[in-house]
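Welcome, and please take a moment to look over the model below. The notes that follow walk through a few of its parts.

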Amino acid sequence: MKNIIKLISVSLISLLVTFSSANASSGVFKLSHDLGFGKDTNLDAITKGRLFQVVIMTQNRLVRKNLDGVTSPELATDWSGNSDATEWTFNLRKGVKFHDGSDFDAEDVKYSLMRVKDPDIGSPAKKSMSSVTDIEVVDSHTVKMKLNTSFADFPLLLTDYRLRMIPSGSGDTIGQTGIGTGPFIVEKFDAEGTTILKANPDYWEGAPGLAEVHVIAIPDGEARVQALLTGQIDMNRYVPFAQKKIFDGNSKFKTTVVPTGNWRGMVMRTDTAPFDNPKVRKAVRMAVDRQELVDLVMGGAATVSCDTPVAPSDQYRLDMDCSQDINGAKKLLSEAGYPNGIEMTIHVSTKEPTWPTIAEVMQQQLAKAGIKADIQMTPSKSYWKETWMKKAVAMTRWNERPADSILHEAYHSGAKWNESFYKSASFDKNLADARGELDFGKRKKAYQNAQKTLWEEAGTMIPYHVSKLVVTSSRVKNLDEVEVFSVRWHKVQVD
Amino acid sequence: MEINKVSDFKKKSIFFKVSEVLVTMASKPSGFIGLSILVFHILLAFLSPYLAPYDFKAIDPTLMLQAPSSEYWFGTDSLGRDVFTRTIMGGRTALTITFFGSLIALLWGGLLGIFCGLVGGKIDDVVMRVVDAFLSIPWILAMLLIVSLLGTSTEVLIPALGFFYGKGIVRVARAATHDVIAKDFIVSARARGHSNLSIIWNEIIPNVRDAILVEGAMRWSWMLLGFSSLSFLGFGVSPPTPDWGLMISNARGLMSFAYWAVIAPIVGLSSLIIGINLTADAFAKALGIDRSTKAPV
């Protein structure tokens with residue numbers, strides 16, 4: 001009898017252990033980043049050197065996009081605007097704690113968002129917050145944001161991947177600690193080596209499925225693919241489509257094609273001859289065969305863009321026809337005083353594995369219009385610091401942002417990351433008009449006018465928005481098939 | 001009349017010497033194979049633009065990654081370009097740049113080494129320590145620095161490669177000079193009051209020439225490998241010029257399913273390096289030089 005009781009109790013205990021461990025966080029998920037900002041890499045989401053692969057897992061926004069791309073609650077539970085959309089009230093989620101144990105409240109929201117506007121920090125996200133004049137703490141879990149203009153789409157701006165909530169007053173240390181309310185806690189931050197995150201058991205959406213996340217610095221694109229092949233990392237969101245065949249039909253990997261608003265482009269500095277002439281810039285853009293680039297570089301998995309940075313799925317996107325026009329390009333070049341064409345050097349690096357190929361294909365396309373393009377490789381480790389926004393012609397890549405954000409950030413006269421040094425009063429005015437316009441139809445028209453201006457005179461040639469090939473090892477489960485900033489990381493599991 | 005005869009005889013003797021060396025080299029199987037490969041590559045470099053069946057830079061989305069066929073012997077690459085065309089043209093730039101690079105390396109490395117060996121003393125000490133310091137710098141880092149600052153044009157690459165590969169020759173030339181300066185004819189030349197320049201030109205160079213030439217031939221194959229490494233990293237030849245290193249780099253990610261795009265340039269590069277090595281080996285043996293000591297045997 002004693003033995004039977006013993007047996008039953010042992011079985012019960014082991015059953016209990018099995019059930020409890022099934023719910024606990026387990027396994028290590030490994031991913032990589034390209035160490036794009038070298039020693040400046042940090043965990044402060046609003047700075048230039050932000051390591052977004054980490055902050056998206058450790059910190060939350062007020063508002064996020066759900067899996068269908070619609071603005072939905074994150075740390076704010078609901079919101080409403082006043083009649084002319086100049087004041088927005090956000091109710092905050094209660095009972096949420098930061099990794100340091102402190103409560104998340106309205107003061108933290110005010111602090112986190114107002115510091116984006118701090119000129120000393122010089123945040124590249126500053127433009128997203130430029131319309132906010134003040135944030136009023138109504139009570140411990142309600143804030144009222146006051147804008148200097150009507151802005152019907154204001155909550156959409158707050159889905160910006162950098163507008164993360166951090167504890168009030170933590171600005172000096174956040175770059176190293178990465179403290180937030182997210183599903184993972186920074187255990188060890190090593191930008192140039194392996195950064196280790198551990199599960200936050202008290203996460204407000206439930207305990208994460210993973211015990212640890214390792215974020216490993218691998219600067220070279222090709223090396224990241226090799227790292228995935230050899231099992232050193234579990235996920236690579238930058239696999240070139242040309243390499244899809246390596247993973248197709250291999251049971252160790254899972255491939256997913258995700259359409260995105262991420263784009264690749266070539267920047268011509270508008271303050272540098274001969275690109276200071278808008279006709280030259282337009283001629284270069286007209287000489288490019290975008291569909292051929294999509295086919296050759298992306299294996300067809302991209303959406304042609306006529307130099308608009310606005311995502312294909314965005315409601316404000318301007319779609320137009322921009323087929324290659326060699327004669328038109330030649331004509332513009334002659335009008336600009338270059339009847340015999342121009343010479344240019346395109347600076348590339350392997351930071352983005354497709355850059356050299358894009359340049360190589362463009363080289364042949366541009367030659368037809370008398371534009372002689374040389375390709376100059378530059379070191380990938382220092383690309384953003386030494387090449388981008390320094391050389392007259394260089395490749396670029398941007399992640400998806402809402403229409404208003406990307407148009408402001410990459411083209412507004414006062415934007416920090418105005419990579420082509422583009423200055424246009426009419427473009428700036430269109431953006432300002434759009435923000436102040438409550439009528440959707442008129443607002444859309446203003447945003448589209450701004451995009452038309454870009455087609456006429458911008459310095460950035462944007463051939464396409466990429467569809468992303470996401471390759472994970474097959475042991476990864478429950479990874480949402482959406483762009484990286486909408487993934488619900490606490491759901492991810494590994495076998 | 002007499003003088004003319006003498007000079008005729010001299011010319012012939014040089015011609016005879018060269019052909020004698022070539023015949024000796026080709027008489028051994030390894031030398032014959034090496035020479036054949038080298039001659040084949042040099043001929044290919046000259047003739048490939050006329051032999052190429054397709055335009056080396058013509059891209060075509062409809063022809064991406066075609067397997068080898070009767071139409072495209074070596075298949076096509078990820079941009080739909082003919083791999084056979086690009087492979088036979090892929091050695092031209094590398095061969096040209098490294099050939100002239102080796103000449104520069106031979107010239108400055110050889111002359112500086114001989115000079116240091118002859119004068120000795122403090123000048124020798126200082127120069128050799130500077131050379132040692134440069135030898136301790138990994139050449140690829142220094143080359144990357146130079147090409148990122150100055151670009152990858154031929155005018156930059158040839159002198160830069162010539163400089164970095166000449167450092168080793170300084171040591172060899174100096175050691176070879178040390179072997180001859182103690183000999184009686186140098187002592188007598190000094191006693192006759194000949195200048196250093198005259199001693200170098202008339203007495204030393206004829207005696208160390210063979211050792212330096214053999215070293216130069218070896219440097220050529222190393223430089224070829226080094227240059228291809230630079231191209232592989234994207235810092236050598238600029239697209240669309242076909243180049244083996246660049247082709248390997250572009251196609252390496254596709255190796256598991258489009259092996260043809262990567263195998264052809266690998267065979268091209270490795271066969272040329274083997275060819276030069278075998279030739280240099282045979283050259284050394286034909287001149288009676290033991291390559292392990294770089295000294296006449």
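From the N terminus on, chain B runs α-α-α-α-α-α-α-α-α-α-α-β-β, which comes to 11 helices and 2 strands. Here helices (H or I, at least four residues) and strands (E, at least two) are DSSP runs, numbered from the N terminus. This is a predicted model, in which local features need pLDDT of at least 70 and side-chain atom pairs count only at pLDDT 80 or more, while totals for chains, interfaces and linings use all residues. Residues are numbered from 1 along each chain as its sequence is written, and chains are lettered from A and ligands numbered from 1 in the order in which they are written.

The C-alpha trace of chain B spans about 75 × 45 × 35 Å along its principal axes. Of the 297 residues in chain B, 41% are buried; a residue is buried if 20 or more other C-beta atoms lie within 10 Å of its own, exposed if 12 or fewer, and partly exposed in between, with C-beta atoms placed from the backbone. Among the contacts in chain B with a separation of 6 or more, 72% join residues 24 or more positions apart. Two residues are in contact if their C-beta atoms, placed from the backbone, lie within 7 Å.

Now to where the chains meet: 19 residues of chain B are in contact with 21 residues of chain A. The table sorts the chain B side by class.

| Class | Residues of chain B touching chain A |
|---|---|
| nonpolar | 10 residues |
| polar | 8 residues |
| charged | 1 residue |

In this sorting Ala, Val, Leu, Ile, Met, Phe, Trp, Tyr, Cys and Pro count as nonpolar, Asp, Glu, Lys and Arg as charged, and the others, Gly among them, as polar.

B:Met64 is worth a visit. B:Met64 sits in the loop between α2 (29-51) and α3 (83-89) of chain B. Leaving aside neighbours within four places in sequence, B:Met64 is in contact with A:Leu296, B:Thr76, B:Ser78 and B:Gly80. Because 18 other C-beta atoms lie within 10 Å, B:Met64 is partly exposed.

Over in chain A, helix α11 (residues 355-367) is mostly covered, with 12 of its 13 residues buried. The buried residues of α11(A) include A:Trp355, A:Ile358 and A:Leu366. They pack against β12 (253-268), α8 (278-286), α9 (290-298), β14 (342-348), β15 (371-377) and β16 (393-398) of chain A.
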